[in-house]
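Welcome! Here is a short tour for anyone meeting this structure for the first time.

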Amino acid sequence: MSTEYIDIHSHLNFPQYDTDRGKVIEDLEKNNISTITIGTNLKTSTEAIELAEKYSYVYASVGVHPGDDPNDRFEEPRFEKLVSHKKVVAIGECGLDYFRLPSVPSEADAEKRRQKEDFEKQISFAVKYDKPLMIHCRAAYDDALDILSSKKKEYGDKLCANFHFFTEPIETAKKILDLGFTVSFTGVITFVKQYAELVSYVPLDAMMSETDAPYVAPAPHRGMRNEPAYVIEVVKKIAEIKKMPLEEVKRQLVANAQKNFKLR
Ligand SMILES: [Zn+2]
């Protein structure tokens, strides 16, 4: 199929698709849409690979989410078995999430330390296996950017990263772009007007399109379960905000994802 859209961040491996996963995925093929389905721990990473094995236009990312379950730790030997699979195109989602830290300060500090440790391990792992990072960052941009800028000095161009579900202020976007990293936008840009300024600021060659399905469906599907096929709405909105022809935006966003994740 000739790819027209790429949703670089979905969770087709999640239970929300247990009853109709096959149909949701086959609809993607009909619409020439590819997706990267994202692991959040060892189990969901393994499931992402299983889906990628079955469908040519589904790719997988493997890693450990920072905030889902403190008992899910990144263990390199276990992930080493997964990363060599040819459909694994990124490491993550990994990063820092300080949104729901424990209220006791000493416990909050310990949790931050735990998250940073796992994040740093996954950064080294991504560089070692020549994969870009799929970053989840919430309420922790200062720490995440501190870690990434020092790693960038160490690893240079070998370190690639995309900040998924990006909704931060323009000055944060600038720091990310200055490091040579990218950001991706979800369906929230279709219904939160204030993000238009951010979307216009980020150059088209430094951004990608995603859904984070099953979460946060774009307009006009709000309130429903999200699907990777709805990435079309995200791409349309980017074209509208950028005042550019849809065909040109589609082509560039596909090219960005193919380059960043070395998709074939
Ligand atoms: Zn996600």
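Predicted model: local features only at pLDDT ≥ 70, side-chain atom pairs only at ≥ 80, totals over all residues.

A residue counts as buried under 20% relative accessible area, exposed over 50%, and partly exposed in between (1.4 Å probe, protein chains only). Residues are numbered from 1 along each chain as its sequence is written, and side-chain values use heavy atoms, with hydrogens and water left out.

**Salt bridges**

A salt bridge here is a side-chain nitrogen of Lys or Arg within 4 Å of a carboxyl oxygen of Asp or Glu.

| Pair | Closest N and O atoms | Relative accessibility |
|---|---|---|
| Asp27 and Lys23 | 2.9 Å | Asp27 18%, Lys23 52% |
| Lys262 and Asp130 | 3.8 Å | Lys262 45%, Asp130 47% |

Helices (H or I, at least four residues) and strands (E, at least two) are DSSP runs, numbered from the N terminus. Asp27 and Lys23 sit four residues apart in helix H1 (residues 21-30), about one helical turn. Lys43 and Glu47 are likewise four residues apart, in helix H2 (residues 42-54). Arg73, Glu111, Arg114, Glu117 and Asp118 are joined in a network of salt bridges.

**The zinc site**

What holds the zinc ion? His9 (NE2), His11 (NE2), Glu93 (OE) and Asp212 (OD) coordinate the zinc ion at 2.1 to 2.5 Å; donors are N, O and S atoms within 2.8 Å of the metal (3.2 Å for Na, K and Ca), and water is not among the atoms, so sites may look incomplete. His9 lies in strand S1 (residues 5-10) and Glu93 in strand S4 (residues 88-97), so this pair ties together parts that are 84 residues apart in sequence. Both His9 and Glu93 are buried.

**Helix H10**

Which residues of H10 are buried? They are Val249, Lys250, Leu253, Val254, Asn256, Ala257 and Asn260. Seen down the axis of H10, these fall within an arc of 155° (taken from the directions from the helix axis to the C-beta atoms), so they line one face of the helix. On the other side of H10, Arg251 and Lys259 are exposed. Just after H10, Lys262 takes a positive phi of about 50°.
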